Amino acid sequence: MFCSTARQVLPQLTGILSSGTPDKADSDEYLATGCNTVHSLLKAEPDMGKKVLNYTLVNSLSDISNNGYFPKSSKAAALLLYGLWAEKDIQSFLKKQGMNKSTFVNDITTLAHKSAQVIE
């Protein structure tokens, strides 16, 4: 059941996240929710990541994580990037795609990860 849901939802959510930051007032909350949902689904079904992860999505997440105008989605995107690299199977896939650690583990993503650890 969960795998079926992930298969249906992940492509839609990653498509939304790949399109970047819209100029709407509620975009911060909207993008944060999308990042958090993708993160949860990929933790539960890491193999699904291989079907939805690509340069466009990763670059968009990196841009969102660097966007100071959207604090919630910036942190959520940073946590998602950090979490992707932390998942060894996904990390291996990302490396094969030519992506490197600095996109996923950097000052912004590490700070978000550390702040989330304090809260948990």
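At what angle do the axes of helix H2 and H5 cross, and within what distance do they come?

1. The axes of H2 (residues 27-44) and H5 come within 7 Å and cross at roughly 20°. H2 is therefore roughly parallel to H5 (angles under 35 degrees count as roughly parallel, over 145 as roughly antiparallel, 65 to 115 as roughly perpendicular and the rest as oblique). Axes are lines fitted to C-alpha atoms, for helices over the stretch in contact, with angles from 0 to 180 degrees between N-to-C directions. Helices are DSSP runs of H or I with at least four residues, numbered from the N terminus.

2. This is a predicted model, in which local features need pLDDT of at least 70 and side-chain atom pairs count only at pLDDT 80 or more, while totals for chains, interfaces and linings use all residues. Residues are numbered from 1 along each chain as its sequence is written, and side-chain values use heavy atoms, without hydrogens and water.

3. Residues of H2 in contact with H5 (heavy atoms within 4.5 Å) include Leu 31, Cys 35 and Leu 42, and those on the H5 side include Ala 76, Leu 80 and Leu 84. By class, this contact has 11 nonpolar, 5 polar and 3 charged residues.

4. Helix H4 (residues 55-65) packs on helix H5 (residues 71-86) at about 135°, with the axes 7 Å apart. This angle makes H4 oblique to H5. Val 58, Leu 61, Ser 62, Ile 64 and Ser 65 of H4 make the contact, with partners in H5 including Ala 77 and Leu 81. The contact of H4 with H5 has 7 nonpolar, 4 polar and no charged residues.

5. A salt bridge (a side-chain nitrogen of Lys or Arg within 4 Å of a carboxyl oxygen of Asp or Glu) joins Glu 29 to Lys 72, with the closest N and O atoms 2.7 Å apart. The pair links distant parts of the chain, Glu 29 in helix H2 and Lys 72 in helix H5, 43 residues apart. Glu 29 is partly exposed, at 42% relative accessible area (buried means under 20%, exposed over 50%, partly exposed in between, with a 1.4 Å probe and protein chains only).

6. Lys 50 has salt bridges to Asp 47, at 4.0 Å between the closest N and O atoms, and to Asp 89, at 3.2 Å. Asp 89 lies in helix H6 (residues 88-96) and Lys 50 in helix H3, so this pair ties together parts 39 residues apart in sequence. Shared partners join Asp 47, Lys 50 and Asp 89 into one network.

Key: Helices (H or I, at least four residues) and strands (E, at least two) are DSSP runs, numbered from the N terminus. Ala, Val, Leu, Ile, Met, Phe, Trp, Tyr, Cys and Pro count as nonpolar, Asp, Glu, Lys and Arg as charged, and the others, Gly among them, as polar.
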